[in-house]
Structure formats: structure tokens, C-alpha cells
Amino acid sequence: MPSKKALVRRPGPRLAEGLVTHIEREQVDVGRATEQWEAYTEALRAHGWETVEVDPADDCPDAVFVEDTVVMYRNVALITRPGAEARRAETVGVEEAVASLGCSVNWIWEPGTLDGGDVLKVGDTIYVGRGGRTNAAGVQQVRAAFEPLGARVVAVPVSKVLHLKSAVTALPDGTVIGHIPKVDRPALFPRFLSVPEEAGGHVVLLGGHKLLISASAPKTAELLADLGHEPVVVDISEFEKLEGCVTCLSVRMRELYA
């Protein structure tokens with residue numbers, strides 16, 4: 001049976017100090033962000049996901065963006081080596097969490113860098129964004145970890161946004177979606193659907209045709225509903241001020257062994 005566990009990590013007191021790269025810094029309301037995080041995790045639980053809370057990392061402002069610290073493929077957890085050196089301490093608690101769930105644990109080693117937000121899985125195809133936070137050695141190590149398990153790893157350029165999944169994600173049928181001005185090479189994806197808002201390029205597959213999507217993408221939510229999907233809308237505006245999106249705030253673990 002497929003598993004439905006989601007790693008999450010509570011926002012820390014230094015959240016407002018988080019890194020920003022491609023946008024202007026705005027003031028972040030940490031209290032409101034915590035309320036939004038609680039609503040986000042409740043939305044996961046309401047759709048059948050068991051949330052597994054990683055130990056806090058209060059000295060790491062970006063630790064809430066737990067997706068960047070580990071990439072899952074089947075039962076294998078690949079602990080990342082974030083491209084921003086300031087974020088590397090975030091991986092310790094995540095490694096402990098995935099090990100406690102029975103995952104086989106591997107690591108990205110120097111000189112490789114990899115952020116989990118640069119990894120988009122579509123079936124057994126793993127797209128890895130090669131850009132500011134993930135380097136060529138990191139891509140090579142993803143190949144070494146996952147291709148022996150049956151994956152096909154495809155490197156794609158990322159230059160207009162922080163991470164690959166800041167530009168594109170995928171629908172349940174494998175169609176990749178994204179806002180064209182933020183996507184470097186849409187033709188690299190066999191099926192691509194343009195959406196009208198940047199935040200509309202970010203969805204989390206909750207099961208069936210239910211899609212978690214940001215409240216800042218109402219036109220995209222309407223488009224996806226017209227295509228037969230069921231948008232589940234959450235407000236993550238405080239995290240979007242730090243280049244976060246709905247995928248960043250959890251790691252969905254669908255193939256853990258019983």
C-alpha cells in the first residue's frame with residue numbers, strides 16, 4: 001500500500017531573516033506565518049496525510065522549507081547539501097526523522113550541492129534544476145543514487161527563479177504546469193500547460209484530483225477546476241515573501257515500505 005506521510009517543520013523565531021534571492025525583501029509577520037503553517041498542515045491531514053514533525057531548528061531561519069533538505073525516491077532518502085551554506089545545518093534533524101521512518105539514507109557529498117526544491121518527480125522521471133542552488137556535481141550524484149533504482153534523471157536549466165519547483169510542478173496525469181515568464185525551457189517537458197499566475201505553477205498532489213494550491217493563484221485554481229481537478233486553497237502569503245511555495249513546506253513520502 002502507498003504511504004501518505006508528510007515531513008513538516010514548524011517555523012522558527014528567526015523566520016523573517018530567511019534568504020531572498022530573486023525578489024525584494026518584505027517584512028514577514030512570524031505570528032501570521034505560524035498560523036498559515038498550522039492551516040497548511042491541517043489541510044494535509046484533512047486529506048489523509050499523516051504529518052511527521054521534524055525537530056525544530058530555531059537557529060536556521062529557512063528551516064520551515066523542509067523540502068530543500070531531502071529528496072525521496074521510493075524508500076530512499078537522499079539528504080541534500082544545500083547550495084546556500086547557511087542552510088546546511090538544517091539537514092541534521094531531517095536525517096534523524098527519515099531514518100526513524102525506516103528509510104534507506106544516502107547523502108550529497110562535497111563538491112555537490114542540491115536543494116530539494118530543484119527536484120521534480122513525474123513518475124520515474126526525475127527533473128533536476130541546474131541553477132543557483134544546485135550544481136552539476138549535485139545532479140550527477142542524484143543520478144548515481146536513483147538511476148540504479150529505475151529512475152531517469154533529466155537536468156534542466158533554472159535561471160529565472162530560486163528553484164525548479166518555483167517555476168514548475170506536475171498534475172496527477174504528469175502534465176507539467178508553470179507560468180511561462182518563469183520557465184527557462186518549457187519545451188523540455190513532454191506535456192506542458194501554461195498557467196496565468198506565477199504561484200499557479202506550484203501544486204501539491206493530495207490524492208485523486210485534489211491539488212493544494214496557494215490563495216495567490218485564483219485564476220489558476222479556476223483553470224484547474226475547469227479541467228476536472230479539485231483545488232484545495234491555502235494562504236501562504238508570508239512564506240511567499242521568502243520565495244516559498246506550497247511544495248516547500250512539506251516532503252511527501254508516498255512509497256515507504258510497510
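Residues 24 or more positions apart account for 67% of the contacts in the protein with a separation of 6 or more. A contact here means heavy atoms within 4.5 Å.

The model is predicted, so local features need pLDDT of at least 70 and side-chain atom pairs count only at pLDDT 80 or more, while totals for chains, interfaces and linings use all residues. Residues are numbered from 1 along each chain as its sequence is written, and side-chain values use heavy atoms, leaving out hydrogens and water.

Now the fold. The protein has five helices and 15 strands. Both are DSSP runs: helices are H or I with at least four residues, strands are E with at least two. The radius of gyration is 17 Å, close to the 18 Å of the globule rule for 258 residues, so the protein is as compact as a globular protein of that length. That radius is taken over C-alpha atoms, and the rule is 2.2 Å times the number of residues to the power 0.38. Along its principal axes, the C-alpha trace spans about 40 × 40 × 40 Å.

Of the 258 residues, 55% count as buried, meaning under 20% relative accessible area with a 1.4 Å probe, protein chains only. Cys 103 is buried at 9% relative accessibility. Cys 245 is buried too, with a relative accessible area of 2%.

Last, the cysteine sulfurs. A search of the whole structure finds zero disulfides. Cys 245 is in none; its nearest cysteine sulfur, that of Cys 248, is 3.5 Å away. A disulfide is a pair of cysteine sulfur atoms within 2.5 Å.

Key
Buried means under 20% relative accessible area, exposed over 50%, partly exposed in between (1.4 Å probe, protein chains only).
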